[in-house]
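Please work through the exercises below with the sequence and the structure in view, trying each task before reading its solution.

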Amino acid sequence: MSERERPILKTLARGARLSCPVCGRGSVFRKPFGVRHHCVECGALFQREEGFFVGAIMINVVTTEAAVLASAGLWLLLSGGRDAMLLPVLFAVALLFPAAFYHHSWSLWLAADHLLEKLPRHTPGDRA
Ligand SMILES: [Zn+2]
């Protein structure tokens, strides 16, 4: 595969596995909730300019809203329409889902960015 090819499914699968969207070997995270500056295997830059993380936040917010909506529908369906505990359940989903999905939102954002405009390489001398 040439340097310019960026297969969509393969790149998104790497994002879903929390792997580098460019090479698939390096991990996007160095510790829980800690995004690496760049891939240790291929040098793809994960933390680009200020504000780059807004896309990951957007993915997390949209999927959280979908999870809350799906939870509401599922709760009402399974409880036979009784809504006494609906708000506490939705509140819990709204608190826990974004934390649980944090890593995937970052990784999928990096994969989408790589598909759209290719992740730049880290050059020695940049912030490590
Ligand atoms: Zn890599």
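**Exercise 1: Phe33**

Phe33 is placed in the loop between β1 (29–31) and β2, where strands (E, at least two residues) and helices (H or I, at least four) are DSSP runs numbered from the N terminus. Residues are numbered from 1 along each chain as its sequence is written. The model is predicted, so local features need pLDDT of at least 70 and side-chain atom pairs count only at pLDDT 80 or more, while totals for chains, interfaces and linings use all residues.

Task: decide whether Phe33 is buried or exposed.

Solution: begin with the rule, by which a residue is buried if 20 or more other C-beta atoms, placed from the backbone, lie within 10 Å of its own, exposed if 12 or fewer, and partly exposed in between. Phe33 has 9 other C-beta atoms within 10 Å and is therefore exposed. Then turn to the backbone, where Phe33, a residue other than glycine, has a positive phi near 65°. Most residues other than glycine have a negative phi.

**Exercise 2: Lys118**

Task: find where Lys118 lies and what its phi is.

Solution: Lys118 belongs to the segment after α3, and its phi is positive, about 65°, although Lys118 is not a glycine. Because 14 other C-beta atoms lie within 10 Å, Lys118 is partly exposed.

**Exercise 3: His38**

Task: state which residues His38 touches, leaving out those up to four places away in sequence.

Solution: first locate His38 in the loop between β2 (34–35) and α2 (54–78). His38 is buried because it has 22 C-beta neighbours inside 10 Å. Its contacts (C-beta atoms, placed from the backbone, within 7 Å) are Gly43, Ala44, Leu45, Phe46 and His122.

Notes
Contact = placed C-beta atoms within 7 Å.
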